[in-house]
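Trainee: Please show me the model, and we can go through part of its fold.

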Amino acid sequence: MRTFVVGGTSGIGHAVVEALQARPGEIVAASRATGFDISDPAQAKAFFEQQGSFDHLVITAGSQAPGGELSELDLTAAKAAFETKFWGSVTTVQAAVPHIRPGGTITLTTGFLARRTVPGTFVKTAMNAALEATVKILARELAPLRVNAVSPGLTKTEAYTGMTPEARAQMYQGAAENLPAGRVAQAQDLAAGYLFAIDTPSVTGTVIDIDGGALVA
């Protein structure tokens, strides 16, 4: 079994790589750190043509989306975020599909704000909601390949290393106190969701929520 993890050198993607390394098979981790730009169609096509056939594609690569109300939103930054996460994911899938073996899977990454109404999060909401809608269409178009998404809530990763340790700890504590699960997810919690999507033959067109209960809080 060969699995490609795009975004696999850090955060949730790296946790997916580590989980897969406990199994037989080959794992290829690609990201900007390895020179792979998901928003470049020509590069994506050349990459997968060079790699040849494989079984599973996981995309965890994302983008920094600007926040704020629409009246004050930096639309240039918003479009750049959409170009990377949404169109980058679509570009990668399009380039990869011809090389995925029968019985293979594609698992994308969205986010709980796709279905949680929070003022000031227009870009993240639109971007992730678009991906979730796309997953359902691709599950039909690409069948019998299975297409799913994992939707994280707040997760402890290096994405927040720009904050001071005190601010970060306070953010995690405040979130945990308000989540039904009583804890903020670890990257390893999310990795289990991607493995579930790979392992379960009847799961396709599905969004797997791993958010500590944020959608019902």
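Predicted model: local features only at pLDDT ≥ 70, side-chain atom pairs only at ≥ 80, totals over all residues.

Mentor: Residues are numbered from 1 along each chain as its sequence is written, and side-chain values use heavy atoms, leaving out hydrogens and water.

Trainee: How many residues of strand β4 are buried?

Mentor: Strands here are DSSP runs (E, at least two residues) and helices are runs of H or I, at least four, numbered from the N terminus. Buried means under 20% relative accessible area with a 1.4 Å probe, protein chains only. β4 covers residues 100–109 and is mostly covered, the buried count being seven of ten.

Trainee: Which residue of β5 is the bridge partner of T107?

Mentor: Strands pair if DSSP finds at least two bridges between them. β4 and β5 (residues 146–152) run parallel, joined by five bridges. The partner of T107 in β5 is N148.

Trainee: Are α3 and α4 roughly parallel or roughly antiparallel?

Mentor: Axes are lines fitted to C-alpha atoms over the stretch in contact (heavy atoms within 4.5 Å), and angles run from 0 to 180 degrees between N-to-C directions. α3 (residues 75–96) and α4 (residues 122–141) pack at about 15 degrees, with axes 10 Å apart. Angles under 35 degrees count as roughly parallel and those over 145 as roughly antiparallel, so α3 and α4 are roughly parallel.

Notes. Buried < 20%, exposed > 50% of the residue type's maximum accessible area, 1.4 Å probe, protein only. Parallel < 35°, antiparallel > 145°, perpendicular 65-115°, else oblique.
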